[in-house]
Structure formats: C-alpha cells, structure tokens
Amino acid sequence: MTLQQVIRVIEMVAMKQPSVNMIVQNDIFRLNAKPDAKYGVFGWLQGQHSASADSSLIDYSFTFFYVDRLTSDMGNQIEIQSVGIQTLDNILRELNSLDVYVNSSYSFQTFNQRFVDECAGVYCSVTLQVPVSSVCSDGFADFQSNDFNNDFTIF
C-alpha cells in the first residue's frame, strides 16, 4: 500500500466516526484559518516513514488529533477529551482490522489549545505497518474523497 493509499484509508475510517465532522490534513494548525470549522475535527500529521531492504513491511508514522470547541466555562473539557480518546482508539482499532497495523501500543495526550476558538483535544503518535506489496481491499474501491463536500476536509 502506498502512502497515498494509507492516508485514504485513514481518512475513510475517520469519516465514519460519528464524532468527526471535519478533517484537517497534515497540519492541525490550519484550524487557525478556518473560522467556520465544523467541530469535532480529526487531523493527521505525517512523521518519518521507514522501510528496510530485508523487511516486507513499510512503517508509516503519523500523529492523529481530535479537537473540539470548549464552552465558555470550559465545562466540557473532560467530555471532549474522553470523546477524543474513544474516537482515536476506534480509528486505530478499525485500521488494524483493515490490514493497516498499529506497530505497538499507543498513548493519548490531552491538551487545551486556542485556534480560532478555544478548544480541547487529544493526540496520539503511532506507527502503522503495511506489507510492501499489499493493496487496498475491494471495500475501498468505491470510496472517493470527493464523496464528501469541500467543507469536510481542510487541505
């Protein structure tokens, strides 16, 4: 599976999560330029990818984010972080079931951050492993990123 195919699968799995209303590609701080963001937001950032001549696997490193807007009293902070952990865990578990394997255990880091809005969220760094010669399963053939309108994804 190529990097492009892996990203396509990640986004497809994220879009299926009921808590995700928008995807930010490769830089969560793009939210700063999006005053009409549709929270909850799933974001991803590429890390360093690797392979070895004596291995049949390619490692793709990512950091995944879940971000949502805080209420004015910040009373929903723990709820956002709880939903974020569950959302990212659901995504990682579903990727594993689709032959995009999480290389090891993963941990979640909660945060508060001001983008255009005061937000809370969670991030998780993972390494995904795929066989060098693998291809997307037939279930992905009909999925197109243009199946969702331009408001769903920030490029």
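**Reading the helices and charges**

A: Begin where a helix ends: α2 is followed by D99, whose phi is positive, near 70°. Keep in mind that this is a predicted model.

Q: What does the check give for α1?
A: The 13 residues of α1 should span 18 Å at 1.5 Å a residue. Its end C-alpha atoms are 18 Å apart, so expectation and model agree.

Q: Which residues of α2 are buried?
A: The test is a relative accessible area under 20%. In α2 the buried residues are I80, Q81, G84, T87, L88, D89, I91, L92, E94 and L95.

Q: What do the buried residues of α2 pack against?
A: Their partners are α1 (3-15), β2 (41-46), β4 (57-69), β5 (101-102), β6 and β7. As for α1, its buried residues are V6, I7, V9, I10, E11, M12, V13, A14 and M15.

Q: Is D89 buried or exposed?
A: D89 lies in helix α2, residues 77-97. Its relative accessibility is 13%, so D89 counts as buried.

Q: Which residue forms a salt bridge with D89?
A: R93 does; the closest N and O atoms are 2.7 Å apart. The general idea is helical spacing. An α-helix has 3.6 residues a turn, so residues three or four places apart point the same way. In this case D89 and R93 both lie in helix α2, four residues apart, about one turn of the helix.

Q: Is R93 buried or exposed?
A: R93 is exposed, with a relative accessible area of 54%.

Q: How many salt bridges does the structure hold?
A: The structure holds four salt bridges. One of them joins the side chains of K16 and E94, at 2.8 Å from N to O. K16 lies in the loop between α1 and β1 (22-25) and E94 in helix α2, so the pair ties together parts that are 78 residues apart in sequence. Another salt bridge is between the side chains of K34 and D36, at 3.6 Å from N to O. D36 counts as partly exposed, at 43% relative accessibility.

Q: Where is D117, and which side chain of opposite charge is nearest?
A: D117 sits in the loop between β6 (109-114) and β7 (118-131). The nearest side chain of opposite charge is R69, 4.2 Å away. The salt-bridge cut-off is 4 Å. D117 is buried yet has no salt bridge.

Q: Which side chain makes a polar contact with the side chain of D117?
A: The side chain of Y39 does, at 2.9 Å. Leaving aside neighbours within four places in sequence, D117 is in contact with Y39 and R69.

Q: How many disulfides are there?
A: Look for cysteine sulfur atoms within 2.5 Å. By this rule the count is zero disulfides. C119 counts as buried, at 0% relative accessibility. C124 is buried too, at 0% relative accessibility.

Methods: Residues numbered from 1 in each chain as written. Predicted model: local features only at pLDDT ≥ 70, side-chain atom pairs only at ≥ 80, totals over all residues. Heavy atoms only, no water. Helix = DSSP H or I, 4+ residues; strand = E, 2+ residues; numbered from the N terminus. Buried < 20%, exposed > 50% of the residue type's maximum accessible area, 1.4 Å probe, protein only. Lys, Arg positive; Asp, Glu negative; His and termini not counted. Polar contact = N/O pair within 3.5 Å; in protein donor to acceptor, adjacent residues only side chain to side chain. Contact = heavy atoms within 4.5 Å. Expected span 1.5 Å × (residues − 1).
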